[in-house]
Amino acid sequence: LIKDSYIGYNTITNFGKKNDGVYDGILINNEERNIVVEHNIITAGAYGHGFGITIDNNELLKGYFPTGITVRNNDIRMNGNAAIFIEHGQAMSADIYNNLLYSANGNYTGVINIAPADVNQSYAGAKFNFYFNTIVAEGTYMAGYYDYTGISNTCTLKNNLIITTAASEV
């Protein structure tokens with residue numbers, strides 16, 4: 001259990017260079033609580049492959065999820081993957097605000113991507129707030145924001161600037 005922690009003022013680049021899977025610039029995982037992530041520069045780089053910040057869990061136990069996560073004042077630039085990825089019904093609360101979130105060359109993904117819940121998981125009771133972010137999506141089928149929670153009032157997207165060059169409907 002990691003709680004009441006701070007991740008700040010880091011430069012992270014070129015992660016996932018092997019390209020044999022998807023990697024994370026910062027991974028917030030399992031029962032981590034009250035984590036502040038701020039003032040980081042995260043870039044895929046010329047050879048990187050993966051997500052900027054992932055909020056995830058690899059346990060199936062109920063209640064064993066990240067909660068109280070704050071992601072603010074970061075510059076995250078990806079190439080083809082989400083800048084913020086919340087995975088499979090495995091996080092409970094996060095406030096994500098005042099970030100520059102960018103991704104280019106993505107297909108069927110979002111700069112912010114909240115993946116569908118796994119069979120044994122649910123977003124029931126979760127709350128994700130996205131405020132005052134600048135979200136830039138470049139790519140044929142790239143969206144600024146994908147919400148696959150399937151539950152009303154789980155996500156609040158408010159006062160964000162979303163810019164997309166996608167040719168498809170987003």
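This is a predicted model: local features need pLDDT of at least 70, side-chain atom pairs count only at pLDDT 80 or more; totals for chains, interfaces and linings use all residues.
**Whole chain**

Expect 17 strands and zero helices. Now colour by burial. Of the 170 residues, 48% are buried. The chain exposes about 8200 Å². Carbon and sulfur atoms supply 49% of that area. Take the contacts with a separation of 6 or more: 87% of them join residues 24 or more positions apart.

**The core**

Select Ile53, Ile84, Ile86, Phe128 and Phe130. These residues have the most contacts inside the largest nonpolar core, which has 33 residues in total. Then select residues 107–114, strand β12. This strand gives the core its largest share, three residues.

Stay in the core and centre on Ile86. Which residues does Ile86 touch, leaving aside those up to four places away in sequence? Show Ile55, Ala91 and Ile96 on one side of the list, then Asn113, Ile114 and Ala115, and finally Tyr123, Phe128 and Phe130. Two of these partners, Phe128 and Phe130, you have already selected as core residues with the most contacts.

**Salt bridges**

How many salt bridges are there to visit? The count is three.

*Stop one: Glu38 and Arg72.* Show both side chains. Their closest N and O atoms are 2.7 Å apart. Glu38 sits in strand β4 (residues 33–38) and Arg72 in strand β7 (residues 67–72), so the bridge ties together parts 34 residues apart in sequence. Is Glu38 buried or exposed? Glu38 counts as buried because its relative accessibility is 11%, under the 20% cut-off. Arg72 is partly exposed, at 24%.

*Stop two: Glu31 and Arg33.* Their side chains meet in a salt bridge at 3.9 Å, N to O. Glu31 is partly exposed, with 23% relative accessibility. Arg33 is also partly exposed, at 29%.

*Stop three: Asp75 and Arg77.* Here the closest N and O atoms are 2.7 Å apart. Asp75 has 22% relative accessibility and counts as partly exposed. Arg77 is partly exposed too, with a relative accessible area of 36%.

**Last view**

Methods:
Residues are numbered from 1 along each chain as its sequence is written. Side-chain values use heavy atoms; hydrogens and water are left out. A nonpolar core is a set of buried Ala, Val, Leu, Ile, Met, Phe, Trp, Tyr and Cys residues joined through side-chain atoms within 4.5 Å. Buried means under 20% relative accessible area, exposed over 50%, partly exposed in between (1.4 Å probe, protein chains only). Helices (H or I, at least four residues) and strands (E, at least two) are DSSP runs, numbered from the N terminus. Contact means heavy atoms within 4.5 Å. A salt bridge is a side-chain nitrogen of Lys or Arg within 4 Å of a carboxyl oxygen of Asp or Glu. Accessible areas come from the Shrake-Rupley method with a 1.4 Å probe; for residues, only the protein chains shown count as cover.
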